[in-house]
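Trainee: I've got a new model open and could use a guide. Can we walk through some of its contacts together?

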Amino acid sequence: MAITPIHDSMSESSIDKSARVQNIEMSSKGPEHEDLSTESAPVISNEDLPLWSRVKDDYKDFLSEFLGTMTLLLFGDGVVAQVVLSKGTKGDYQSISWGWGIGVMFGVYVGGKSGGHLNPAVTLANCLYRGHPWRKFPFYFMGQLLGAMAGAAIVYGNYKSAFDVYEGGPGIRTVGGPNSTAGIFCTYPADFMTRTGMVFSEFIASTILQMVIFAMIDSDNIGAGPLLPICLFFLIFGIGACFGWETGYAINLARDFGPRLVSYMIGYGHEVWSAGGYYFWIPMVVPFLGCAFGGFLYDFFIFSGESPINTPALGLPRLVKPRRSVWSNTHRAFNSQV
């Protein structure tokens with residue numbers, strides 16, 4: 001599951017704080033006509049703020065993605081836990097689609113200050129096509145991964161007694177058996193799936209995800225505007241309802257690998273990696289390919305704004321120009337303002 005910016009993908013902290021300036025309007029009116037309402041408010045420097053306020057300001061992208069992705073997992077893994085551990089008496093597959101959709105919606109609301117990506121593949125697509133600073137990618141990635149791990153751990157702590165009863169006793173944790181609960185944390189393919197089918201299922205779901213996201217944030221299209229989080233709910237619900245059966249529609253490295261790592265840490269064993277013919281790498285790698293392709297499709301056929309796809313040769317010459325002036329979105333954004 002995953003998402004994207006409520007506003008422009010380059011968050012307001014993209015340019016260093018030291019570059020911020022305060023604009024003061026100059027008026028030709030005399031003193032008797034001064035408009036006191038235009039007086040600027042006192043400027044509080046970063047050093048004057050309490051320590052935690054400075055930390056929040058300096059690491060707001062990381063913290064925003066952390067808390068937003070944690071919210072996503074609380075609802076997503078939470079609904080799977082309730083459906084599985086209650087043996088279907090407290091929900092069904094439809095409930096799972098609802099839960100993940102709601103998790104994305106509220107996750108975007110919570111993590112909106114950073115753009116609410118909640119997904120490393122979505123962040124990559126924004127770096128590739130929408131000028132999101134590459135230097136921020138590691139911080140977004142770590143926030144998303146750790147947030148997903150925290151959300152999965154909280155769900156496990158909440159339902160631990162139910163895990164014990166369902167699995168047959170404390171300390172019993174299985175993968176792939178009749179009473180297995182490993183699927184609560186991360187995705188596993190259906191038994192009939194081939195390796196090619198696994199890859200294609202995740203690829204097409206990730207492609208749809210990013211293509212529709214770019215459509216919803218395109219101001220020259222119909223756009224979702226302030227309704228973006230709600231529209232994202234329906235997008236995730238639709239992907240789950242239409243493409244979720246075969247591989248569980250991870251479409252997000254953080255959402256899958258983070259909880260999978262948590263399940264390994266709490267005792268599910270090596271099978272969390274080996275199950276499905278070592279399927280675990282597919283939801284780690286393929287969403288990046290799918291989201292990159294989805295962004296390409298939208299920009300190639302629809303988007304008319306600034307994008308590498310709307311440059312000569314579809315931006316392919318960049319691949320042989322590994323220079324900062326070519327690839328650094330921050331460098332280019334700064335120079336365009338000089």
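**Salt bridges and helix packing**

Trainee: How many salt bridges does the structure hold?
Mentor: It holds five salt bridges (a side-chain nitrogen of Lys or Arg within 4 Å of a carboxyl oxygen of Asp or Glu). This is a predicted model, where local features need pLDDT of at least 70, side-chain atom pairs count only at pLDDT 80 or more, and totals for chains, interfaces and linings use all residues. Residues are numbered from 1 along each chain as its sequence is written, and side-chain values use heavy atoms, leaving out hydrogens and water.

Trainee: Which residue does D299 form a salt bridge with?
Mentor: With R130; the closest N and O atoms are 2.7 Å apart. D299 sits in helix α10 and R130 in the loop between α4 and α5 (137-167), so the pair ties together parts 169 residues apart in sequence. Helices here are DSSP runs (H or I, at least four residues), numbered from the N terminus.

Trainee: At what angle do α4 and α10 pack?
Mentor: About 40°, with the axes of α4 (residues 120-129) and α10 (residues 282-301) 8 Å apart. Axes are lines fitted to C-alpha atoms over the stretch in contact, and angles run from 0 to 180 degrees between N-to-C directions. That makes α4 oblique to α10 (under 35 degrees is roughly parallel, over 145 roughly antiparallel, 65 to 115 roughly perpendicular, the rest oblique).

Trainee: And which residues in α4 meet α10?
Mentor: Among them are L124, L128 and Y129, while the α10 side includes F288, F296 and D299. Contact means heavy atoms within 4.5 Å.

Trainee: What comes just after α2?
Mentor: K87 takes a positive phi of about 55° there.

Key:
Helix = DSSP H or I, 4+ residues; strand = E, 2+ residues; numbered from the N terminus.
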